[in-house]
Amino acid sequence: MSDFEREERAFRAALARAADGFEPRELAIPGASDEAGPADLSDQTEKAEENAPVRRKAPWILAAAAAVLAVVGLGGVVANLQPTGSGGESTAASDASDGAEDGSGNAPKALGADEAAPEGTYIERGRTDLPAPADGNRWAVRYDIAFQVPEEWADATAPALPECIAKPGDQWDTVPRTPYVANITNQPVPRIACNETEDRDFPPQFGKVPFALWQPYVLIERPGKGASLQTGSWEHEGWLLTRVQVGDDAYATILTGPGDERVNQEIKGSLRTVAKDPYGCETASPLAEGDPVRPKTDPATSPLEGDDPESIAICRYEPSSASLTGSREITGSDAAGLLEAIRSAPARSGPNTPQNCAAGQPVTAYVILRIIRDGGEPGEVFVNYENCDDHGFYDGVTVHELTAAACRPVFAEEPVTIYSAQGDVARVCLS
């Protein structure tokens, strides 16, 4: 390893450490108040906000502030951050032009040798409809699309504004530092337009993240009714980008680094649609957009009561796409502790701020806890944390308030986390 490479690695490690220890500042929005909900941020403007959020490793939402980016009549941000891509017929292309380099004359490495990647998320449970993953792999599921990735690949959030990243480590650089499966989010996007892409010397299909920050990833997208994305394969400086259509309305984009063409093909070959994920979460949303976030039927007894659970599957849904957006599992004392915390929470809805939202506004995300006990059918608890009212844990018998002890374990790890919320919910549910 050259002296330059050692210095670069130390610099990037220092940046990561600084980001991990940083506490975000409150974002001052002219005209906003503690009671304001977020505003529709899908249309970006020409002018940047004066106080831009600083980089942090966790998904950046304004959890520390009671005031968040204003949304017309809505208590949670509903901007969809998934790239819309460019429509077009199926093509395959290769680019042989010289690309950007990381300063050492070499393409950036796919995974820094001194950076430990998070452990894999999904664990195979003997399912007959979803075979055990290959050695060293794990299953990941987004919407109803399942695929295998190397088990060290993380679940992470792609940068919201890659075109605003001028250089590694700047305030807009939230690019994951390990290979990752992209989360499906309704992450807030500030009203800012950037054009820092003159140095993006690579095919446009690769997006707008600077070359020095590329990491291998898988992104599952649903561009919307009647829309399509360009499919094919593209190469740049040994990096391979593949995009294929899965089913009628979904697309999988796979990026792998130099020498990992086999990994790219294995991920592509593992793509399939599934009715359940490895934890037993239904991939189709049980609720339509606008339905109350609570069980459809009332059980005879609360699923919170009984012996300690074997495990709890935490299933996050997006009603607008009628699909699972992420899931994970807790077991043992963590699962037992979560149930006890919910049981101990006050038997009422809250915290609520109904004055902040328009009446009848549908939620953009909710969670179902699937409680597994040995030899029994799973029990379900619905978790409503969106908008401004009816927050709580609904078990079909009663409702329990969102408390820190009960709520934070649910949203402690990706891909199940909160990307937008009223300030009172954020203060309770996010540590």
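## Basis of the description

Two strands are taken to pair if DSSP finds at least two bridges between them. Helices (H or I, at least four residues) and strands (E, at least two) are DSSP runs, numbered from the N terminus. The model is predicted: local features need pLDDT of at least 70, side-chain atom pairs count only at pLDDT 80 or more, and totals for chains, interfaces and linings use all residues. Residues are numbered from 1 along each chain as its sequence is written, and side-chain values use heavy atoms, with hydrogens and water left out.

## The three-stranded sheet

Arg 142 has Ile 145, in β2, as its bridge partner. Strands β1 and β2 (residues 145–150) run antiparallel and are joined by six bridges. They belong to an open sheet of three strands, ordered β1-β2-β9, with antiparallel pairing. Because β1 (137–142) and β9 (272–273) each have a single partner strand, they stand at the edges, and one side of each is left without a neighbour in the sheet.

Helix α2 (residues 261–270) packs on this sheet and touches β1, β2 and β9. Contact here means heavy atoms within 4.5 Å. The direction of α2 makes about 155° with that of β2; axes are lines fitted to C-alpha atoms, for helices over the stretch in contact, and angles run from 0 to 180 degrees between N-to-C directions.

## Gln 148 in strand β2

Gln 148 is found in β2 and is buried, at a relative accessible area of 12%. The classes are buried (under 20% relative accessible area), exposed (over 50%) and partly exposed (in between), with a 1.4 Å probe and protein chains only.

A polar atom of the Gln 148 side chain lies 2.9 Å from the backbone nitrogen of Ala 134. The side chains of Gln 148 and Asn 137 are joined by a polar contact of 3.3 Å. Such a contact is a pair of N or O atoms within 3.5 Å; within protein, one must be able to donate a hydrogen and the other to accept it, and residues adjacent in sequence count only if both atoms are side-chain atoms. Leaving aside neighbours within four places in sequence, the contacts of Gln 148 include Trp 139, Ile 267 and Ser 270.

## Backbone features in loops

A cis peptide bond joins Gly 350 and Pro 351, with omega about -5°; Pro 351 lies in the loop between α3 (332–344) and β12 (366–372). A cis peptide bond also joins Glu 414 and Pro 415, with omega about 10°, and Pro 415 lies in the loop between α4 (404–407) and α5 (423–429).

Glu 237, in the loop between β6 (232–236) and β7 (239–246), has a positive phi near 50° and is partly exposed at 31%. Asn 387, in the loop between β13 (379–384) and β14 (392–394), has a positive phi near 55° and is buried at 7%.

## Aromatic cluster

The structure holds nine aromatic pairs. Rings of Phe, Tyr and Trp (its six-membered ring) pair if their centres lie within 6.5 Å; planes under 30 degrees apart count as stacked, over 60 as edge-to-face and the rest as tilted. Phe 202 and Trp 214 form an edge-to-face pair, 4.9 Å centre to centre with 70° between the planes. Both residues lie in the loop between β4 (180–182) and β5 (217–221), so the pair ties together parts that are 12 residues apart in sequence. Phe 202 is buried at 9% relative accessibility, and Trp 214 is buried at 3%.

Trp 214 also forms an edge-to-face pair with Trp 239, at 5.5 Å and 80°. This pair links the β4–β5 loop to strand β7, 25 residues apart. Phe 202, Phe 206, Phe 211, Trp 214 and Trp 239 form one aromatic cluster.
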